[in-house]
Amino acid sequence: MLTIDHVTKSYGSFTALEDIQLTLSPGVYGLLAPNGAGKTTLMQMIVTLTRPTVGEILWDGVPIEALGSEYRARVGYLPQQFGFYKQYNPEQFLHYIGTLKGISKAQLREQIPTLLEEVALFDVRKKKMKQFSGGMIQRVGIAQALLGQPDILVLDEPTAGLDPKERARFRSILTKLARNRIVLISTHIVSDIESIANEIIMIQNKRIRYAHTVPHICQSLQGQVFEMFVPDDRYLSFASEHLIVSERQQTGGMDIRFITTHPVQGAQEVPPQLEDVFLFEYRDEVER
Amino acid sequence: MRRIVGQEVKKVLSLRIFYIFFIIALLWNGLFLWNNDYVRSDVKRFLQVNEPQVVWTNEMMKERQKMNQQASEPLRKGEMTLVEVYRQALNKGNVIEDEKFLKLLTEEVYWDHFIALHEQRAALQVDEKVEQIVRMYGLTGNAAATLRQHIPALEMRFSKLIAQEAPTHYAPNALFSQHDALFGKLMRAVLMESVLITILITALLTSYEREHRTASVVYSSTVGRKVQIAKWLSSLFVASSTYVGLFLLSIGSYIALYTTPSLWTSYVSSSWNVEGPNLFMTWYPFTFIQYVSVQWGIGLSIIVLVVCLTWAISLYWHQTYIATAAVIAILFLLFIVPAFISKSSSLLIYATYTLSTLIVGTAHWLMMWKGYTLDPHFEWKTLLLSAIMIGIISFYAWRHFKRKDWQEVE
């Protein structure tokens, strides 16, 4: 179990995160927040790249700083900006990372081909990574995070650069993995985690806004999400009065999905989704 | 850790720039050997004769053949000395072709000349020599006094040297005008090349993760930031190997081509080792091969210290070229600082106890007459002091690196 115990992170006079309290047990956790909210900072503290200014992070009750390499051996991390060695092929790169993770040569010989198959890179395992596309590089990043079968998988924007087919494959990999491990994913693509996350963590104003299941979070907007057709000549005035979460062009107007506390004539109430909550909670940041 | 060190070494060995610099260094050293006219002509003559025949092949011998000073009983042919016989024949326009005679004559002249040099050396006054050095550098006050305090040690060593090492002799195809060529120019080149390559590869390896944006992944792995210890060990291994390689290929080639086994066991402080005003007298009774080994050892120590300094600087500045420039700037500053110190201050003398002075002054390692410092313990004091300073810098650099929040810089 990973416990984030009253953690605050400050950089000089600037506070990035304040009094974060979380307990993570095996399962998938989606970390949702706009850019600059502190998602990466939280992830970097979990993987020991940065230290909390106040509070501590514990693994099974023991501070991770005290555990040191014993803790890091249980962690797999994919950063938001995943770097690589251009002159290496994916096999060599995974071998290097595996060596840093303390995985034996014999285990690496088993794991690397399997992982490369999982991320559909087995056929290009001998090709230098400088010839890879962004999506292929990202898949190498996912593979290296999975090396050593870590207990804690921290993935910062893992689906960035992946096409829909690859994202579907990725979701399938994660679902299999999450049975026995903690998987923490940060993403802007709500649909990537909505279906697989056991719990969603939303950060707002440097603090945890929500840390709960999708249905529970969506409950907060129950009775406030509507859909209706708005003619083109009314669209602008409508948009200025209501928070629009999505729109689809039709002949003569738009099918609008919007959030409001006051019922609108002609609008049909619909069950709230996670994306609705995201856009509602972060509407000020989005406008900015 | 061993596997990680192996992986880091592979990184360096996969860099083209490493091989480019190494080959340039070898070519430069090869060019030096080839362009050293004296040595080349000497080699041709040397290759014509066999060991153990002692043949005087030095250009200076031609000049010294005109000297009449003979300290030992000269060899005679009848009433005349061999030299007199030879001269008489020349005067009559005759050419003596008797090989045995010519061999004896050569050895006679060789011996006479050796005795003359030895007596000249023995007549040296240590305190006068020290004053000469003081005047040459314009030293006054405490600076001059600091040099003069070495006179007793110099006198003690000098008297032993004259009694034991200076009288020795060896196959004379080698050391005239070669001490500076071998231990000065070539060794200095080898050391400077090795230092430059060392700085570059150490800075490159230490900054590698930041420059490839892999630091987040690497530092969050099991080994964590201790990967930098592996990089330090790898740098030591590659830098030392580079230095040994350059040393063996350059200095080794020189020794294999231009020296003979009889030289190897002769004293460096022998009377033959004179180049103009330069007196190459060592503080300790080193033979030629022992002195070569000492050169190798001191050079290797310098390389190790340069690795540590560069590694420490790179932990602060994770950028290869900035760190490289910073280390080179530090070495340059250490070299020029004495120029800004008063010539009457003893600080001027102590300011020369730097790695830079060692790197530039390879011909004078463990030599008695080496300019600013006449200190018999100059080399090890400099290495020890440098090791302490670099050790402190490295300790704080490592501590700073371990504690720093790591964030990839865009």
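In this predicted model, Glu227(A) and Arg257(A) form a salt bridge, with their closest N and O atoms 2.8 Å apart. The pair links distant parts of the chain: Glu227(A) belongs to strand β11 of chain A, residues 225–231, while Arg257(A) belongs to strand β13 of chain A, residues 253–259, and the two residues are 30 apart. The partners differ in their surroundings. Glu227(A) has a relative accessible area of 34% and is partly exposed. Arg257(A), at 9%, is buried, because a residue counts as buried under 20% relative accessible area.

A further salt bridge in chain A joins the side chains of Asp255(A) and Arg248(A), at 3.6 Å from N to O. Asp255(A) is partly exposed, with 23% of relative accessible area, whereas Arg248(A) reaches 54% and is therefore exposed, the cut-off for that class being over 50%.

Another contact of this kind in chain A brings together the side chains of Arg125(A) and Glu91(A), with 3.7 Å between N and O. Arg125(A) sits in the loop between α5 and α6 (134–146) of chain A and Glu91(A) sits in helix α4 of chain A, so this pair ties together parts that lie 34 residues apart in sequence. Both ends fall in the middle class of accessibility: Arg125(A) is partly exposed at 24%, and Glu91(A) is partly exposed at 21%.

Chain B has its own example, a network of salt bridges that links Glu8(B), Lys11(B), Glu209(B) and Lys231(B). Over all chains, the count of salt bridges comes to 19.

We can now turn to the place where the two chains meet. The contact draws 33 residues from chain A and 31 residues from chain B. The size of an interface is often given as the accessible area lost when the parts come together. Here chain A and chain B bury about 2600 Å² between them, and 51% of this area is on carbon and sulfur atoms. On the side of chain A, the residues that lose the most area to chain B are Leu49(A), Tyr96(A) and Leu100(A), which together account for 24% of what that side buries.

A salt bridge joins the side chains of Lys9(A) and Asp405(B), at 2.5 Å from N to O. Four elements of chain A give two or more residues to the side that touches chain B: β1 (2–11), α3 (69–72), α4 (90–100) and α5 (105–118). The largest share, six residues, comes from α4(A). By class, this side of chain A is made up of 16 nonpolar, 12 polar and five charged residues.

Finally, chain B carries a set of annotated spans. An unreviewed UniProt entry assigns the annotation "transmembrane region" to residues 12–34, 186–208, 229–257, 288–313, 320–341, 347–366 and 378–398 of chain B. Two of these spans can be described further. Residues 12–34 of chain B are 91% helix and 0% strand, and their end C-alpha atoms are 31 Å apart. Residues 378–398 of chain B are 100% helix and 0% strand, with 30 Å between the end C-alpha atoms.

Definitions and conventions. Residues numbered from 1 in each chain as written. Chains lettered and ligands numbered in written order. Predicted model: local features only at pLDDT ≥ 70, side-chain atom pairs only at ≥ 80, totals over all residues. Heavy atoms only, no water. UniProt positions renumbered as here; feature names shortened; annotations may be inferred. Contact = heavy atoms within 4.5 Å. Buried area = accessible area lost by both parts, 1.4 Å probe. Salt bridge = Lys/Arg side-chain N within 4 Å of Asp/Glu carboxyl O. Nonpolar A, V, L, I, M, F, W, Y, C, P; charged D, E, K, R; others polar. Buried < 20%, exposed > 50% of the residue type's maximum accessible area, 1.4 Å probe, protein only.
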